[in-house]
Amino acid sequence: MLQWTKITHKGDGMLQKYLLIFFVSMVPLIELRGSIVMAVGMDLDYFTALTVSVLGNMLPVPIIYFFARKVLVWGADKKYIGKFFRFCLEKGERGGQKLVAKAGRGGLFVALMLFVGIPIPGTGAWTGTLAASFLNMGIKATAAAVSLGVIMAGIIMGIASTGVFSVIGL
């Protein structure tokens, strides 16, 4: 309760800033990677911003896992949306195949965590969850691996955004 009071009574729009990074972290392609950079740029408390961004990035995971593939299959043959939906299906299938090829079925959890956790374009929670749904990984294992990966990406982006890499010469 103390943190909530602190955020809402500062008078400088802190709640709005945290809501903005929460919603930005839900957007495909931008996800937590973009919201952490925004939070650092807005001089928000890093650990609060990381928590808010992780929650926002994870919120769509069950929806993606259970419904995205079905919606994509449904729309793949539609006139205006078919090309994009087929692209998404192919990307999910390729992502799943890459994970299995690199890790085998036994190392899939770690592979998915690393796939989501290394912050490069196209490897976030959305793509990782879609790939896991193609592999029938199970929602619990998927949510755990994606959560750990999202946290890892948040830490990497936080370090990169605050300039620690430039300080140590990387």
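I started with A132, which is buried, at a relative accessible area of 0%. For my own notes, buried is under 20% relative accessible area, exposed is over 50%, and partly exposed lies in between, with a 1.4 Å probe and protein chains only. This is a predicted model, so local features need pLDDT of at least 70 and side-chain atom pairs count only at pLDDT 80 or more, while totals for chains, interfaces and linings use all residues. Residues are numbered from 1 along each chain as its sequence is written, and side-chain values use heavy atoms, with hydrogens and water left out.

**A132, continued**

I placed A132 in helix α8. Helices here are DSSP runs of H or I with at least four residues, strands are E runs of at least two, and both are numbered from the N terminus. Then I asked what A132 touches, not counting residues up to four places away in sequence. I got Y65, L112, M137 and T142, with contact meaning heavy atoms within 4.5 Å. I also checked A132 against L108: they are 24 residues apart along the chain, and their C-alpha atoms are separated by 9.0 Å.

**Whole chain**

I counted 10 helices and zero strands, so the pattern along the sequence reads α-α-α-α-α-α-α-α-α-α under the DSSP definition. The chain has 170 residues, and 42% of them count as buried. Among contacts with a separation of 6 or more, I found that 66% are between residues 24 or more positions apart.

**Helix α4**

I went through α4 next, residues 46-58. This helix has 13 residues and reaches 18 Å from first C-alpha to last, close to the 18 Å expected at 1.5 Å a residue. The expected span is 1.5 Å times one less than the number of residues. Which residues of α4 are buried? My list reads T48, A49, L50, V52, S53, V54, G56, N57 and M58.

I picked S53 out of α4 and saw that S53 is buried, with a relative accessible area of 0%. Leaving aside neighbours within four places in sequence, S53 is in contact with I21, S25, L32, S35 and I36.

Y46 is also in α4. With neighbours within four places left out, I have Y46 in contact with I36, G154, I155 and G158. Y46 and G154 are 108 residues apart in sequence, yet 9.7 Å apart in space, C-alpha to C-alpha.

**Positive phi**

I noted L29, a residue other than glycine with a positive phi, near 75 degrees. L29 sits in the loop between α2 (14-24) and α3. Is L29 buried or exposed? L29 counts as exposed, at 75% relative accessibility.

D43 went into the notebook too, with a positive phi near 60 degrees in a residue other than glycine. I found D43 in the loop between α3 and α4, and D43 counts as exposed at 67% relative accessibility.

**Largest pocket**

I looked up the largest pocket and got about 500 Å³ of space. Of its 23 lining residues, the closest to the centre are P28, C88, W126, T127 and L130. The elements that give two or more residues to this lining are α3 (31-41), α5 (61-75), α6 (82-103) and α8 (125-134). I put α6 down as giving the most, with six residues. By class, I have 15 nonpolar, five polar and three charged residues in the lining. Nonpolar covers Ala, Val, Leu, Ile, Met, Phe, Trp, Tyr, Cys and Pro; charged covers Asp, Glu, Lys and Arg; the others, Gly among them, are polar.

The terms: on a 1 Å grid over the protein atoms alone, a pocket is an open set of points with protein on both sides within 12 Å along at least five of seven lines, whereas a cavity is a set where a 1.4 Å probe fits but cannot get out; lining residues have an atom within 4 Å of a point. Points are joined across faces, edges and corners, and a volume is the space filled by probe spheres set on them.

**Second largest pocket**

This one holds about 350 Å³ of space. I found 15 lining residues, with K98, L99, K102, F115 and T123 nearest its centre. Both α6 and α7 (108-117) supply at least two residues each, and I noted that α6 has the largest share, seven residues. The lining has seven nonpolar, four polar and four charged residues.
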